[in-house]
Amino acid sequence: METLGFLMDGFGVALQPHNLMFALMGAFLGTLIGALPGLGPANGVAILIPLAFTLGLAPETAMIMLTSVYAGAMYGGRISSILLNIPGDEPAMMTCLDGYPMAQKGKAAEALAISAVASFVGGLVATVGLILLAPLLADFALTFGPAEYFALFLLAFATLGGITGKNPMKTVVAACIGLMIATVGIDSTGTQRYTFSVLELYEGVDFIIAIVGLFAISELMFFIEEKAGGGKEKMTVNKLSLSWADIRGIMPSSIRGGILGFIAGVLPGAGASLGSFIGYTLEKKVVGKKGYFGEGDPRGVAGPEAGNNGASSGALVPMLTLGVPGSGTTAVLLALLISLNITPGPLMFTQNADIVWGVIAALLIGNFLLLLLNIPLVGIFVKLLSVPPMYLLPIVTMVAFVGIYSISNTTFDLYFMVAFGVFGYVLRKLEIPLVPIILGLLLGPEMEKNLRHAMEISDGDWMVLWDSGLAIGLWVVAGLGLILPYIVGPLLRRRMQAGGAQSD
Amino acid sequence: MTFNDRIFGVLMIVLAVAYGWGATQFPEPFGGGAEAVGPETFPLLLAVVLTLSSLYMIVRPDPDNAWPWSRTGVELVIAVVVLVLYAMLLQPLGFIPSTLLAVGTLCWRMGASPGKAYLTGGIAGVVVFLLFNFALDLALPLGLLEFLEAT
């Protein structure tokens with residue numbers, strides 16, 4: 001059991017007092033970010049990256065903190081789904097179905113506690129899955145050559161929209177834009193590309209600036225447009241009365257949901273939304289007529305919530321082992337790794353074992369911390385939920401400004417960030433997804449490097465790109481990722497919407 | 001209406017062509033252009049893919065989302081102007097005054113009463129400034145308030 005030894009080392013890293021402290025801080029901030037209106041997990045993690053830098057954190061500490069934020073955001077997202085029937089993010093949609101009816105029946109505290117326990121179980125199951133699967137996948141990935149990597153990157157883009165995605169061609173457009181921005185700067189042969197002799201562009205576009213601009217600034221603009229500054233009604237939560245029998249009752253649902261969610265998270269193109277959807281439908285099937293789904297069945301809260309958290313841990317597998325993230329938030333975590341000068345991918349498991357295993361151990365610890373934080377402190381989070389966005393969003397914007405400014409102390413970066421924000425707003429209006437742009441920015445240099453290496457090996461023969469069975473397989477999956485949404489996408493979306501409509 | 005996607009598609013094709021043309025203008029790297037993949041190969045590939053996918057957007061556009069004209073549009077322009085001014089004034093005015101103005105104005109335009117809005121801006125500015133300068137040891141510009149430094 002080599003893995004166990006590494007995991008122990010990981011615990012050694014994660015349990016150091018200051019790492020533990022940052023994990024706790026991250027878990028708290030993450031829950032806040034997930035709970036607050038207008039701050040998705042990707043957005044929240046992005047804003048915190050520059051701050052992690054300016055704090056001068058060690059790489060493993062920064063990574064542990066932001067992974068805790070990531071895990072915490074998944075916890076926080078459910079609060080508004082249960083209390084307000086407004087999903088904090090897309091995967092939390094399914095939690096609304098039974099969570100909100102429970103809250104209406106005066107069982108809001110129970111629903112919140114159940115979802116916290118289910119999230120914990122789902123996260124735990126998936127983290128164990130991650131521990132088992134990640135080293136295997138990393139070993140396997142060592143056999144990849146440059147051609148396979150090139151195909152893998154394509155696959156990542158093609159499946160990013162997920163099979164429930166609306167218009168895959170818009171994903172392609174977005175990916176191209178991101179990759180094009182990534183080519184700005186001096187390339188590996190020393191050629192200046194698209195710098196227009198502007199000194200600030202010689203080193204390329206800093207993706208942190210792009211990410212914060214695209215997410216945070218465009219979010220502010222959306223809130224202004226929707227005049228959503230007023231905030232939501234104040235909420236109160238009843239006193240918790242939850243027995244062990246209740247918790248035992250949701251255990252099977254949580255474990256099933258966690259396993260399904262993990263699988264959905266690992267697979268390209270599935271993602272957390274599908275994970276929680278499958279989790280919910282399976283629960284309905286398994287429990288059958290004995291359940292009262294849609295009317296406040298606790299198992300209907302536990303299943304999708306465990307699935308959602310399982311998927312978010314599962315999504316870390318491709319990111320850590322292959323360096324290819326499958327979701328927006330893992331893309332932002334990848335951005336952190338790259339800016340810490342860590343090359344993501346299979347070699348990370350040998351070269352940066354302390355970081356990888358520290359993060360994995362931190363996930364385990366984070367799950368416990370989150371459970372401890374969430375049950376007693378849920379009242380505070382609920383109160384914060386009613387902070388009106390008209391105060392919140394300007395402050396978030398200011399934090400984004402401070403973070404970006406503190407990277408290089410120049411105002412050029414700030415103008416750049418605002419420009420990216422306006423651009424992001426326009427793209428979101430056109431329903432062009434932003435995540436492929438970010439992925440393009442992150443993976444662009446690696447993708448070009450691998451293309452170059454593949455060509456050097458083959459002496460300029462383009463056939464090398466689909467020369468091995470593995471590469472062909474990756475190309476096929478990538479192709480399917482673009483074609484399937486047109487075939488099964490409408491069908492699946494209709495079913496998910498039908499599921500959502502039932503609760504109204 | 002399906003103008004948005006079509007117009008964006010056309011713009012992207014223009015971008016792709018300009019970008020592709022730009023790629024052909026790169027000076028040849030030192031040591032000759034014998035390599036299969038030069039600095040221009042990857043950009044040219046991207047230009048082709050972007051052209052094709054933009055063409056698809058023009059041929060099969062999605063229905064439009066409405067743009068916010070009139071008052072909401074003006075509010076958006078105000079917000080962007082505030083952000084640009086914030087960036088511009090951060091160093092000369094200093095962090096606290098510029099944050100007071102920027103955050104205050106944004107809160108106010110988003111619906112808070114002016115008094116509360118600028119109070120929020122001021123408090124946020126002072127708290128973040130103190131936090132960064134003393135707890136995190138990061139110097140944010142003092143600007144107008146530089147006279148405080150001597151004391």
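**Two chains, one model: a quick tour**

Okay, let's start with a pair of helices: H1(A) and H16(A) are roughly perpendicular to each other, a label that covers angles of 65 to 115 degrees. Under 35 would be roughly parallel, over 145 roughly antiparallel, and the rest oblique.

Before I go on, a word on what we're looking at. This is a predicted model, where local features need pLDDT of at least 70 and side-chain atom pairs count only at pLDDT 80 or more, while totals for chains, interfaces and linings use all residues. Residues are numbered from 1 along each chain as its sequence is written, and chains are lettered from A, with ligands numbered from 1, in the order in which they are written.

Back to that pair. Helix H1 is residues 2–14 of chain A and helix H16 is residues 353–385 of chain A; they pack at about 75 degrees with axes 7 Å apart. Those axes are lines fitted to C-alpha atoms, for helices over the stretch in contact, and the angles run from 0 to 180 degrees between N-to-C directions. The helices themselves are DSSP runs (H or I, at least four residues; strands are E, at least two), numbered from the N terminus.

Who touches whom? On the H1(A) side you'll find, among others, A:Phe6, A:Leu7 and A:Phe11, and they meet a set in H16(A) including A:Trp357, A:Ile360 and A:Ile365. Contact here is C-beta atoms, placed from the backbone, within 7 Å. The residues of this contact split into 11 nonpolar, two polar and two charged. For that count, Ala, Val, Leu, Ile, Met, Phe, Trp, Tyr, Cys and Pro are nonpolar, Asp, Glu, Lys and Arg are charged, and the others, Gly among them, are polar.

Zooming out, chain A has 21 helices and two strands. Its C-alpha trace spans about 70 × 50 × 50 Å along the principal axes.

A:Leu201 is one of the in-between ones: 18 C-beta neighbours inside 10 Å, so partly exposed. You'll find A:Leu201 in the loop between strand E2 (192–193) and H9 of chain A. Skipping neighbours within four places in sequence, A:Leu201 contacts A:Val184, A:Gly185, A:Thr195 and A:Phe196.

Now chain B. It has six helices and zero strands. Its radius of gyration is 24 Å, well over the 15 Å from the globule rule for 151 residues, so chain B is more spread out than a compact globule. The C-alpha atoms fill a box of roughly 65 × 50 × 20 Å, and 33% of the residues of chain B count as buried. The domain assignment, automatic or from a database, gives domain 1 (3–59) and domain 2 (70–150) of chain B. Their C-alpha centres lie 40 Å apart.

Last stop, the contact between the chains: 48 residues from chain A and 51 from chain B. On chain A's side, H17(A) gives the largest share, 11 residues. That side divides into 29 nonpolar, 12 polar and seven charged residues.

Terms used. Two residues are in contact if their C-beta atoms, placed from the backbone, lie within 7 Å. The radius of gyration is taken over C-alpha atoms; the globule rule is 2.2 Å times the number of residues to the power 0.38. A residue is buried if 20 or more other C-beta atoms lie within 10 Å of its own, exposed if 12 or fewer, and partly exposed in between; C-beta atoms are placed from the backbone.
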